[in-house]
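We will go from one stop to the next, selecting a few residues each time.

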Amino acid sequence: MRLVILGGSGSGKSTQAQRLARYFEVPEISTGEMLREAISGGKTLESVYANLGELGRYAQPYVSKGELVPDEMIIELIRLRLKKPDVSGGWILEGYPRTAFQAEELDFLLDELGQKLDWAIYLQVPEAVMVSRSLGRSLPDDQPEIVQRRVEIFYDRTVPILEYYDRRRRLLTINGDQLPELVLQNILTLLETS
């Protein structure tokens with residue numbers, strides 16, 4: 001199973017990506033985690049991704065302002081990750097793509113790698129819920145002005161992605177404003193019937 005999880009900051013993407021990864025026994029690939037790891041210079045992923053620290057130095061100024069990291073950096077990060085042997089049975093991609101351009105680039109990359117996306121799952125939650133959930137977390141980049149900026153960017157740039165996947169009949173929309181267990185159940189039900 002190869003899935004992309006879409007949704008705004010605080011929509012439950014990470015929670016659902018982790019649960020789906022466990023359910024399907026495939027790796028969860030979180031660009032947010034990879035970027036945080038790269039920026040902190042952490043060693044756990046260093047062995048997995050060559051040049052990750054260098055990528056982190058370039059990405060840091062964007063992340064600290066709540067801006068999107070440039071496409072070329074993220075696409076390279078995804079390319080490196082999707083070439084690893086542990087993804088041969090599938091993957092759950094969280095935090096990418098964030099623009100219609102990235103969605104198209106991902107399709108090109110998957111063609112090149114001989115992989116195919118099964119579904120893009122959109123966790124739909126009201127803006128107020130996104131903001132309050134994000135502010136309730138304790139990540140260093142979850143400051144009120146940064147969260148608000150991420151929500152604005154989400155509406156500007158993510159809506160075209162939904163249209164992109166919808167046109168390709170690859171989009172499943174889920175009400176993300178409910179208990180995580182119910183969200184997961186709804187996703188699994190939709191996957192079985194689609």
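Start by selecting E76 and R79: they form a salt bridge, with the closest N and O atoms 3.6 Å apart. (A salt bridge is a side-chain nitrogen of Lys or Arg within 4 Å of a carboxyl oxygen of Asp or Glu.) Both residues sit in helix α4, three residues apart, about one turn of the helix. Helices are DSSP runs of H or I with at least four residues, strands are runs of E with at least two, and both are numbered from the N terminus.

This is a predicted model, where local features need pLDDT of at least 70, side-chain atom pairs count only at pLDDT 80 or more, and totals for chains, interfaces and linings use all residues. Residues are numbered from 1 along each chain as its sequence is written, and side-chain values use heavy atoms, leaving out hydrogens and water.

Together, E76, R79 and E112 are linked in a network of salt bridges.

Now colour by accessibility. Buried means under 20% relative accessible area, exposed over 50%, and partly exposed in between (1.4 Å probe, protein chains only). E112 is exposed at 51%, while R79 is partly exposed at 22%.

Next, select residues 71-82, helix α4. Which residues of α4 are buried? Among them are M73, I74 and L77.

Last stop: select R149 and E152, whose side chains meet in a salt bridge (3.5 Å, N to O).

How values were computed: Expected span 1.5 Å × (residues − 1).
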